[in-house]
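Subject: Handing over the predicted model

Dear colleague,

Please read them with the model open beside you.

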Amino acid sequence: EETTTFVIANGPSVIQGGIPGTPQIVDLAATAYAHLGVEIDPAWELDGTPLPIERTPSTPIRLETADGVSVFGETYGDLAAARAILLLFHQGGANGPVEYGRIVGRLVERGYAAISIDQRSGGTMLGGHNRTADALGRDVHYCDAYPDLEASLAAAREIAGERPVVAWGSSYSG
């Protein structure tokens, strides 16, 4: 335990209750620079990446699948004005906000909006909780999440109109 990496951060934009994911020792310098607003120069060749200590503002979303399951997720960025809608699908056993917490802010800064979905075959891997799996109350195989992907794609297409929709998958959802 004495070699475990930990981070304590304070401020109005800091995620309350814990940092998603697992901090590594190489992430500490990059995290400190990012939190202080220091631009990280690639010439420094830092091995780590900043931990998502600042939460990207999000709005909860709930979708109904064709088989009647409520799927929970988060939207990020301006859905009406974004140049494209990105659907962020997590790997089996995980959840969207934690898996994509490190990058969603950068996607929004570049003009994209994102919808992160907690598929039913998720859990606490990588930290956090999967609200869809918690509400379902039973374990399911990752193939059972196909209706979640379909409902998410239909919702994103409706939101996007003529703009592109990009499905971004990890592991089985890829």
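The notes below go from the whole chain to the sheet, then to the charged pairs and the surface.

This is a predicted model, in which local features need pLDDT of at least 70 and side-chain atom pairs count only at pLDDT 80 or more, while totals for chains, interfaces and linings use all residues. Residues are numbered from 1 along each chain as its sequence is written, and side-chain values use heavy atoms, with hydrogens and water left out.

The protein chain has 5 helices and 5 strands, where helices (H or I, at least four residues) and strands (E, at least two) are DSSP runs numbered from the N terminus. Along the sequence they follow the pattern α-β-β-β-α-α-β-α-α-β. Of the 174 residues, 39% count as buried, a word that stands for under 20% relative accessible area, with exposed meaning over 50% and partly exposed in between (1.4 Å probe, protein chains only). Among contacts with a separation of 6 or more, 67% come from residues 24 or more positions apart, contact meaning heavy atoms within 4.5 Å.

The strands form an open sheet of 5 with the order β1-β2-β4-β3-β5 and mixed pairing, two strands being paired if DSSP finds at least two bridges between them. Because β1 and β5 (165-169) stand at the edges with a single partner strand each, one side of each is left without a neighbour in the sheet. Neighbouring strands are turned by 25 degrees against each other on average, direction ignored; axes here are lines fitted to C-alpha atoms, for helices over the stretch in contact, and angles run from 0 to 180 degrees between N-to-C directions. Strand β2 (residues 70-76) and strand β4 (residues 113-118) run antiparallel and are joined by 5 bridges, and F72 has D118 in β4 as its bridge partner. Helix α5 (residues 146-160) lies across β1, β2, β3 (85-89), β4 and β5, and runs at about 165 degrees to β3.

The structure holds 5 salt bridges, each defined as a side-chain nitrogen of Lys or Arg within 4 Å of a carboxyl oxygen of Asp or Glu. In one of them the side chains of D67 and R120 meet at 2.8 Å, N to O; since D67 lies in the loop between β1 and β2 and R120 in the loop between β4 and α4 (131-136), the pair ties together parts that are 53 residues apart in sequence. D67 is partly exposed at 45% relative accessibility, whereas R120 is buried at 5%. R120 also forms a salt bridge with D148, the closest N and O atoms being 2.6 Å apart, and D148 counts as buried at 0% relative accessibility. Through shared partners, D67, R120 and D148 are joined into one network.

On the surface, Y33, L36, V38, W44 and L46 form a nonpolar patch with about 460 Å² of accessible area together. Of these, W44 is found in the loop between α1 (27-36) and β1 (58-64), and W44 is partly exposed at a relative accessible area of 39%. Patches are made of residues with over 30% relative accessible area and no salt bridge, like charges being joined within 9 Å and nonpolar side chains (Val, Leu, Ile, Met, Phe, Trp, Tyr) within 5 Å; accessible areas come from the Shrake-Rupley method with a 1.4 Å probe, and for residues only the protein chains shown count as cover.
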